[in-house]
Amino acid sequence: MGKRIGMEVSIAAAEAVKQANVDLISAYPITPQTHIVEHLSELVANGDLDAEFFCVESEHSALSVCVGAAATGARTFTCTSSQGLALMSEITYIASGLRLPMLMIISNRTISAPLSIWNDHSDTMSIRDCGWIQFFVENGQEVYDHVFVSYRLGEDKNVLFPVIINMDGFILSHVIEPIELIEQEKIDQFLPPYQPVHQLHPDHPVTMGAFALPAIFAETKKAQEEALRSSMPKIIETWKAFGDMTGRYYHPVETYKTEDADTLLLTMGSFGETASVAVDKMREEGRSVGLVKIRLWRPFPFDDLKQATLHAKRLVVIDRAISVGACGPVASEVKAALYGNDRRPSVYNFVAGISGRDVTPSDFIKMVDKAELEIEEGNREGYEIYGVRG
Amino acid sequence: MTENLNVFAVRTLTQKEYFTPGHRSCQGCAEALAVRLVAKALGGNVIIANATGCMEIVSSPLPYTAWRVPWFHVAFENTAAVASGIESALKVLMRKGRIPRKKIVTLAMGGDGGTADIGLQALSGALERGHNFLYVCTDNEAYMNTGIQRSSSTPFGASTTTSPVGRVQMGQITWKKNMPAIAAAHNIPYVATACPSYPIDLVQKVKKAADIEGPAYVHILSVCPTGWRSAPELSIRLGRLAVETGIFPLYEVEKGQYRLSIDFPKLKSIKDYTKLQGRFRHLTDEMIEEIETRVHKEYEQLRAKAGKGS
């Protein structure tokens, strides 16, 4: 077993990037992502990490540098938040279209206006369809672990996709948690150096980034879509290999006390741990409540979600972002996933914790109370922004 | 004078084509000629990052390519950043022994829009960071790829589809952005202007720029018959006239030292240049005089910087 030590989650993320032996790091400062790059720059300055590290003049360039370096055969890393992600969004689509593996950690923060540095998922939801493999994590250990999982997975010759790890800004990024570090020899075995299928080099010239006319564009896009969908077995396989190494097994959709539960809370990200405390409390009171957590956001785990919610009567989906004019983006996806089932639960959707608004275990209990009552009264399509004045 | 070196230089220029025939540029496209010469000057050991624009579109319709060297297109405004990534990746991969050590030139290429407008921030960042790369701007003085819209590099008075000649406004009302001066203001080791109408000069400058350690910037005036409303067979002559009138002087800035590549004691009349182009057909004598006054003043300022003050 590796050492278990207390460290800030952003530092743990940076340590993982170091242990993954990345070749190039390019980033631009934005709160709450800064601690990751600050620590990485220290590691490079002290000679603890042999990588090209540079702070560029914008997030757009940060990701563009990674795209150029990944195409040349380097293992690259960047991280951002909020407005920074919005600025680089153009290049997120291009990176996946070019099938270039790389890792980006998003320290999730709300999108302006009004300007706010605090956490929610509106930044990452704005690039939901960018074609990257997208994870949500619950705690610092999961951030650390998924750095290795992401590189091994994205660089697999049968995958070749960039990967995003979403971690809640401040709520995770700035807290100190116990992290079990993995020995370097184990990581080197789990994650050998990147071997690109194609790379920019004069010895074997290739053209990358050609434009496509309608006659070929749709086929190219279909190939990309099918490749992302069919990366699912590789994702499972990579998590299995990681679990065999560390004893920590991960799944696309995870469940907590869902056995025979009539009502299921459904969360994504750091909400999961808080909600599990609420579930414990409700179970103690004899209530039939469980928790479903979505870890894999893209490719979306339709089958796993159906399986996890098969016997529930009510689903209380807690979104941490608003799709203005519609409902929570997770709720939309969940409803779409369950529509084909003959027997499906009522879905009640709350948007909660916008811009870092604190959501406590008792809030989750209140949301379950409200949803159960509303559904009882026949409101099967409930949607509300929880705990807001006015 | 570069003319004296023609015989020598022509024979040293490779017959190999790296930007191959069969690409889809317009008749008389001097930008394609400029790119062909740049590619010949650099040879096979190069990786090219190309901005969105004419040269990207004419050379890479999937599944075809006109490139015999590694070539990469990502987006419009980020070419210098992409080149930064390529250059740094080569450096670290060679250092870690993952690819063999050898000299590979990183070339970033963009048009005037991709350089002076939307790509200026990424370019400034890459120049400031000091990457060992060469940036070539092929300047045809408007967004030709999207249908001749004005850029900050469009000259005063020129008619484009977004600086049209109307009842109250006569074409472009602003003066051409001085992109080489902006590049030189970054204190990079090498900045030059060139034009494919002076092929030997162009090739020599590109070779020099590639050999210099650190960032280098070469700004190439590229006559566009489609956008300039000029006859395709006049492209070479128009490039020469741009230089001979003082509108586009050929010079180098090496470690801060200005040097005129060709100096003209007497500049040709601006009218010799404008009368061959439809984009200037509406110019009044007063406007031409205004242009001439400004061109002459700027030419003298340049001569003074090059130690040739009158």
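Chain A contains 13 helices and 16 strands, where helices (H or I, at least four residues) and strands (E, at least two) are DSSP runs numbered from the N terminus. The radius of gyration of chain A is 21 Å, close to the 21 Å given by the globule rule for 390 residues, so chain A is as compact as a globular protein of that length. Here the radius of gyration is taken over C-alpha atoms, and the globule rule is 2.2 Å times the number of residues to the power 0.38. The structure is a predicted model, in which local features need pLDDT of at least 70 and side-chain atom pairs count only at pLDDT 80 or more, while totals for chains, interfaces and linings use all residues. Residues are numbered from 1 along each chain as its sequence is written, and chains are lettered from A and ligands numbered from 1 in the order in which they are written.

Along the principal axes, the C-alpha atoms of chain A fill a box of roughly 70 × 55 × 45 Å. Of the 390 residues in chain A, 55% are buried (20 or more other C-beta atoms within 10 Å of the residue's own, with C-beta atoms placed from the backbone).

Chain A is divided into domain 1 (4-246) and domain 2 (253-385), with bounds from an automatic or database domain assignment. The centres of these two domains of chain A, taken over C-alpha atoms, are separated by 28 Å. Their contact takes 26 residues from domain 1 of chain A and 20 residues from domain 2 of chain A; two residues are in contact if their C-beta atoms, placed from the backbone, lie within 7 Å. On the side of domain 1 of chain A that touches domain 2 of chain A, the largest share, four residues, comes from strand 6 of chain A. By class, this side has 12 nonpolar, nine polar and five charged residues. Ala, Val, Leu, Ile, Met, Phe, Trp, Tyr, Cys and Pro count as nonpolar, Asp, Glu, Lys and Arg as charged, and the others, Gly among them, as polar.

Between the chains, 38 residues of chain A are in contact with 42 residues of chain B. Helix 4 of chain B gives the most to the side of chain B that touches chain A, namely 12 residues. That side of chain B divides into 25 nonpolar, 12 polar and five charged residues. Strand 9 (residues 207-208) of chain A runs parallel to strand 2 of chain B and is joined to it by two bridges; strands pair if DSSP finds at least two bridges between them. A:Met208 has B:Phe72 as its bridge partner in strand 2 of chain B.

Note on methods: A residue is buried if 20 or more other C-beta atoms lie within 10 Å of its own, exposed if 12 or fewer, and partly exposed in between; C-beta atoms are placed from the backbone.
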